[in-house]
Amino acid sequence: KRLGIIKEQVREGLTELRKSIHAINAEQQYEKFDEVVNHLLQQVRNHTGIQVECEMEDIGETKLHLRKTLYHVILESITNAIRHGQCRKVRIILSKDEGFITLSSFNDGIVPKEIKYGYFPIFCFCNYFHIFLKVNNGF
């Protein structure tokens, strides 16, 4: 019985250790922001055949939560453009000027009446961290 308790404690400890390592790795993936975004864009190209262009300035030592938000906004804008706009071309521009980061996403797809499909969670996240997010549609 005692051996069973020890085995369970070891199992729980290993599970917690795995969770910690996964959390560290999840954060580290955003350290090289340009690489993780370019990898995402290459996956989109490979799996969809969509033409994806990207111009990205170095956003420097930006806080982790902002890098995560930018990544998910890029992902959501591409997903919406493909799924709802039926686009064949996407262009992403990320620039930094005087402390402001601007992310623009353009596509050649159909402009739906409602453009906030998957943006609601992102709007909530941005609001929580006092990040201004404006969504426009068009190419």
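Visitor: What should I know before I start?

Guide: The model is predicted, so local features need pLDDT of at least 70 and side-chain atom pairs count only at pLDDT 80 or more, while totals for chains, interfaces and linings use all residues. Residues are numbered from 1 along each chain as its sequence is written, and side-chain values use heavy atoms, with hydrogens and water left out.

Visitor: How many helices and strands are there in the protein chain?

Guide: Helices (H or I, at least four residues) and strands (E, at least two) are DSSP runs, numbered from the N terminus. Here the protein chain has 4 helices and 3 strands. Starting at the N terminus, their order is α-α-β-α-β-β-α.

Visitor: Which order do the strands take in the sheet?

Guide: Two strands pair if DSSP finds at least two bridges between them. In this structure, 3 strands form an open sheet in the order S1-S2-S3, with mixed pairing. S1 and strand S3 (100-107) are at the edges with a single partner strand each, so one side of each has no neighbour in the sheet. On average, neighbouring strands are turned by 10° against each other, direction ignored; axes are lines fitted to C-alpha atoms, for helices over the stretch in contact, and angles run from 0 to 180 degrees between N-to-C directions.

Visitor: Do the strand pairs run parallel or antiparallel?

Guide: Take each pair in turn. Strand S1 (residues 51-56) and strand S2 (residues 89-97) are parallel, with 6 bridges, and glutamate 53 stands opposite arginine 91 in S2. The chain gets from S1 to S2 through helix H3 (residues 64-83), and this β-α-β crossover is left-handed. For reference, a crossover is right-handed if, with the strands pointing away from the viewer, the path from the first strand over the helix to the second runs clockwise. S2 and S3 run antiparallel and are joined by 8 bridges; isoleucine 92 has serine 105 in S3 as its bridge partner.

Visitor: Which residues have the most contacts inside the largest nonpolar core?

Guide: In soluble globular proteins, nonpolar side chains tend to be buried together. A nonpolar core is a set of buried Ala, Val, Leu, Ile, Met, Phe, Trp, Tyr and Cys residues joined through side-chain atoms within 4.5 Å. Buried means under 20% relative accessible area, exposed over 50%, and partly exposed in between (1.4 Å probe, protein chains only). The largest core here has 20 residues, and Phe33, Val37, Tyr71, Ile74, Ile78 and Val90 have the most contacts inside it. Helix H2 (33-48), H3 and S2 each give two or more residues to this core. Leaving aside residues up to four places away in sequence, tyrosine 71 touches Tyr30, Phe33, Val36, Val37 and Leu40.

Visitor: Is threonine 62 buried or exposed?

Guide: Threonine 62 lies in the loop between S1 and H3 and is buried, with a relative accessible area of 10%. Beyond residues up to four places away in sequence, threonine 62 touches Arg67 and Ile101.

Visitor: How many disulfides are found?

Guide: A disulfide is a pair of cysteine sulfur atoms within 2.5 Å. A search of the whole structure finds 0. Cysteine 54 is partly exposed at 27% relative accessible area, whereas cysteine 87 is buried at 3%.

Notes:
Contact means heavy atoms within 4.5 Å.
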